[in-house]
Amino acid sequence: MLGLMQDWPLTVDKILDHAAEWHGGREIVSRSLEGPIVRTTYGAMHDRAKRISNALKAMGVKLGDRVATLAWNSGRHMEAWYGIMGIGAVCHTLNPRLFADQLCYIINHAEDKVLFTDLTFLPTLVERRAQMPSVEQVVVMTDRDHMGAAAALPGALCFETLVEEHSPDCVWGGFDEHTAAGICYTSGTTGNPKGVVYSHRSNFLHTLVTLQRDVMGLSLHDVALMVAPMFHANAWGLAFSCPAVGCKLVMPGQRLDGAAVLELIETEGVTFAGAVPTVWQMLLQEVRARKASFSTLKRVLIGGSAVPEALMRAFHDDYGVEVIHAWGMTETSPMGTLGVLTPEIAALPYEEQLPYRLKQGRTPMGVELKLVDDSGRRLPHDGETMGRLKVKGGFVAARYFKAEGGDILDADGFFDTGDMATIDAAGFMQITDRVKDVIKSGGEWISSIEIENLAVAHPKAMLAAVIGVAHPKWDERPLLLVKLREGESATRAEFLEFLEGKIARWWMPDDVVFVDEIPLGATGKIDKKLLRHRMEGYVLPTAQADGVK
Ligand code: ADP
């Protein structure tokens, strides 16, 4: 027997329809690439996005065609998103931090038909245009006055001209909710980038889940600053959640530096913001330097990499801002877990809450988690046993675009995150490493991240990375690489003594090497693949013929 309720396909165009009808006057503020702060509303955005839909249709874009965007967070970028998705075309968000070769690879792999670009990326496009044979049209997201910059790109179209020339009469939706809405490629730290293909339904479900009070808990009364890029796992869903609740939305464009972000927070009255730790660190430096404070900011969501304790404390102790630590990945849309406290933990003094707040948190209804060993057996949730973290849910990837990487689910339908984690008795998950970075020493696992986090707290350290290096007896042993602060010098012994007593003896790095640079990948994380490559041929002192322990 089937239910007798209406069939109301969960397609994301309904989100902007709702915002336009019921929150039509609410503001959307962007720092434009041309310079000034520009303002629009959900009502105007809806109208303009429909004009873009008509422009795309006129270019021959049909259901299922891929349309790429190479752009910072802005109102125009959102108009392109909804314009693309509303007619069932697939919005492929390109990460501008990828190398040009990788960009060409994913554009060709996705067979993008149209490409929307910000002015910033014109030089790359001019240089590489010939290597994007599937791209029939390039749309520059600017007005006529600034189209001169696109002179070297023959045939490039102007976004504002398209908006002017096309009508807002366009029917959105009307297709199956399982239709693809977006593609985002993982940054490909192993092998080629792989495309995660979101559906309308998965984005809609993700939106509903993030809106739970114990998840992002956005409200109509919030002013949200969307720093997390739209090209990185859908800006953590904020480009959907904000119009869904109808709150004022603020976007920083290209300027993520402390001064620019602080200015937006203060002048626009931002109450909620989401960004990776490095952005927050830059912001705090600015606030401290100016001896300023936050007059409206209440909650910040931090994820993408672990939140350092100093950052968590600074927000709480110095500025009274609540930090919510979140974990997720491109394949999970991305929200997987959040460090929202339980009533029991919230009743503890802040110092006792802190270890929980620093973990990646608990999972909301809608995501299933499990912790398993190498043979797939479930491991206890005791906060100590480290295992592979697997996830399942309605907004978790089932396979990659064009089945790259083959079958990615286990027999129970769980996706292997590639993360190593523990889960404690209160349900808080903690990432301990990436499976490919964890160091296997004598059949046991050593967390490279834990050692790095301790080492980087050394006053002379700027950055620290730990990698596993081959060892004849133990298989692998940890090697600590340190980039010192400007003008500092240090010895191996200073760092080993600093770690003494903080980690188990058998976790102690076998050597410390000082380097000029620790490479960061396209999403700002340490590129350990490159580091391992650079350290190829390096032999640990403990591994030399006569020195085997
Ligand atoms: P990429 O693998 O391209 O960096 P993602 O953005 O999908 O792309 O990264 C997901 C990974 O980032 C996770 O699997 C995890 O290893 C790491 N990560 C995300 N959030 C956190 C966090 N709060 N703490 C620690 N690691 C995190």
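Guide: Helices here are DSSP runs of H or I with at least four residues, strands are runs of E with at least two, and both are numbered from the N terminus. The model is predicted, so local features need pLDDT of at least 70 and side-chain atom pairs count only at pLDDT 80 or more, while totals for chains, interfaces and linings use all residues. Residues are numbered from 1 along each chain as its sequence is written, and side-chain values use heavy atoms, with hydrogens and water left out.

Visitor: In which helix does Arg76 lie?
Guide: Arg76 touches, among others, Arg48, Thr142 and Phe159, not counting residues up to four places away in sequence; contact means heavy atoms within 4.5 Å. The element that holds Arg76 spans residues 75-86 and is helix α3.

Visitor: How far does the backbone oxygen of Met141 lie from a polar atom of the side chain of Arg76?
Guide: A polar contact is a pair of N or O atoms within 3.5 Å; within protein, one must be able to donate a hydrogen and the other to accept it, and residues adjacent in sequence count only if both atoms are side-chain atoms. Between the Met141 backbone oxygen and the Arg76 side chain, the distance is 3.2 Å.

Visitor: How many residues apart are Glu34 and Arg76?
Guide: A salt bridge is a side-chain nitrogen of Lys or Arg within 4 Å of a carboxyl oxygen of Asp or Glu. Glu34 and Arg76 form one, with their closest N and O atoms 3.3 Å apart. This pair links distant parts of the chain, since Glu34 sits in the loop between β1 (27-31) and β2 (37-41) and Arg76 in helix α3, a separation in residues of 42.

Visitor: Does Glu34 count as buried, exposed or partly exposed?
Guide: Buried means under 20% relative accessible area and exposed over 50%, with partly exposed in between (1.4 Å probe, protein chains only). Because its relative accessibility is 25%, Glu34 counts as partly exposed.

Visitor: Which residue in β2 is the bridge partner of Val29?
Guide: Two strands pair if DSSP finds at least two bridges between them. β1 and β2 pair in the antiparallel sense over five bridges. They form a hairpin with five residues between them, and Gly35 in the turn has a positive phi of about 135°. Across this pairing, the partner of Val29 is Arg39.

Visitor: How many residues apart in sequence are Glu494 and Lys460?
Guide: The side chains of Glu494 and Lys460 meet in a salt bridge, 2.9 Å from N to O. Glu494 lies in helix α15 (residues 492-499) and Lys460 in the loop between α14 (448-455) and β22 (461-471), so the pair ties together parts whose separation in residues is 34.

Visitor: How many salt bridges does the structure hold?
Guide: One of them joins Arg534 to Glu517, with the closest N and O atoms 3.0 Å apart. The total for the structure is 38.

Visitor: How much of the area that the ligand exposes when taken alone does the protein bury?
Guide: The ligand is surrounded by 16 residues, the closest including Ser187 and Arg434, where near means a heavy atom within 4 Å. An oxygen atom of the ligand is 2.6 Å from an N or O atom in the side chain of Asp419. Taken alone, the ligand exposes 570 Å². By the Shrake-Rupley method with a 1.4 Å probe, the share buried by the protein is 91%.
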